[in-house]
Amino acid sequence: MLSAEVTVVKPSRRREERLPADLRARYGASGNPERALCRIIDVSKHGARLEVYCDLPLSTSITLKLPNSEALGARVVWSKDFEAGCRFNEPLSDDELEFIFRKGNA
């Protein structure tokens, strides 16, 4: 008799891996200035997971302002339990991604 061990791996819906981060930022919704505080939990070239302190409805357009960086346009693609996932309007450059990762892990 033969036996084998099988591991079921759930496929990821993400197009790329995200880098861990712990970076405070600000955001503004629907064209408002960056007023609300948030924390970037992880980030990729195309999006980020945020810890937020109020509900962000799906498809809300936000402007994410990072310390010492230009504002990033993004759209909320999911939101649950004070966390939200956003997709950037324009992908981050390698330098921007490295800056966020370095700053969030300093």
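How many bridges pair β5 with strand β6, and in which sense? Six bridges join them, and the pairing is antiparallel. β6 covers residues 83–88. Two strands count as paired if DSSP finds at least two bridges between them.

This is a predicted model, in which local features need pLDDT of at least 70 and side-chain atom pairs count only at pLDDT 80 or more, while totals for chains, interfaces and linings use all residues. Residues are numbered from 1 along each chain as its sequence is written, and side-chain values use heavy atoms, with hydrogens and water left out.

Start with the overall layout. Along the sequence they follow the pattern β-β-β-β-β-β-α. Helices (H or I, at least four residues) and strands (E, at least two) are DSSP runs, numbered from the N terminus.

Now return to β5. Tryptophan 78 stands opposite glycine 85 in β6. The two strands form a hairpin, with two residues between them. Aspartate 81 lies in that turn and has a positive phi of about 50 degrees. β5 (residues 71–80) also pairs with β4 (residues 61–65). That pairing is antiparallel too, and has five bridges. Serine 61 has arginine 75 of β5 as its bridge partner. In a regular strand the side chains alternate between the two faces of the sheet.

Next, the interior. Of the protein's 106 residues, 31% count as buried. Buried means under 20% relative accessible area, exposed means over 50%, and partly exposed lies in between (1.4 Å probe, protein chains only). A nonpolar core is a set of buried Ala, Val, Leu, Ile, Met, Phe, Trp, Tyr and Cys residues joined through side-chain atoms within 4.5 Å. The largest such core has 23 residues. Those touching the most other members are Ile40, Val43, Leu50, Ile62, Leu64, Leu66 and Phe88. At least two core residues come from each of β1 (19–29), β2 (36–43), β3 (47–52), β4, β5, β6 and α1 (94–104). β1 gives the most, with four.

Look closely at valine 43. Leaving out residues up to four places away in sequence, valine 43 touches Arg18, Leu19, Ala48, Phe88, Leu92, Leu97 and Ile100. Contact means heavy atoms within 4.5 Å. Among the protein's contacts with a separation of 6 or more, 52% are between residues 24 or more positions apart.

Charged pairs come next. Side chains of opposite charge can pair when their charged atoms come close. The whole structure holds seven salt bridges, each a side-chain nitrogen of Lys or Arg within 4 Å of a carboxyl oxygen of Asp or Glu.

One of them joins arginine 39 to aspartate 22, with the closest N and O atoms 3.0 Å apart. It links strand β2, which holds arginine 39, to strand β1, which holds aspartate 22, across 17 residues. Aspartate 22 is partly exposed, at 46% relative accessible area.

Another joins aspartate 94 and lysine 45, at 2.6 Å from N to O. Aspartate 94 sits in helix α1 and lysine 45 in the loop between β2 and β3, 49 residues apart. Aspartate 94 is exposed, at 52%, whereas lysine 45 is partly exposed, at 27%.

Glutamate 83 pairs with arginine 49, the closest N and O atoms being 3.4 Å apart. Here strand β6 supplies glutamate 83 and strand β3 supplies arginine 49, 34 residues apart. Glutamate 83 is partly exposed, at 22%. Arginine 49 is also partly exposed, at 22%. Both belong to a network of salt bridges that links Arg18, Asp42, Arg49 and Glu83.
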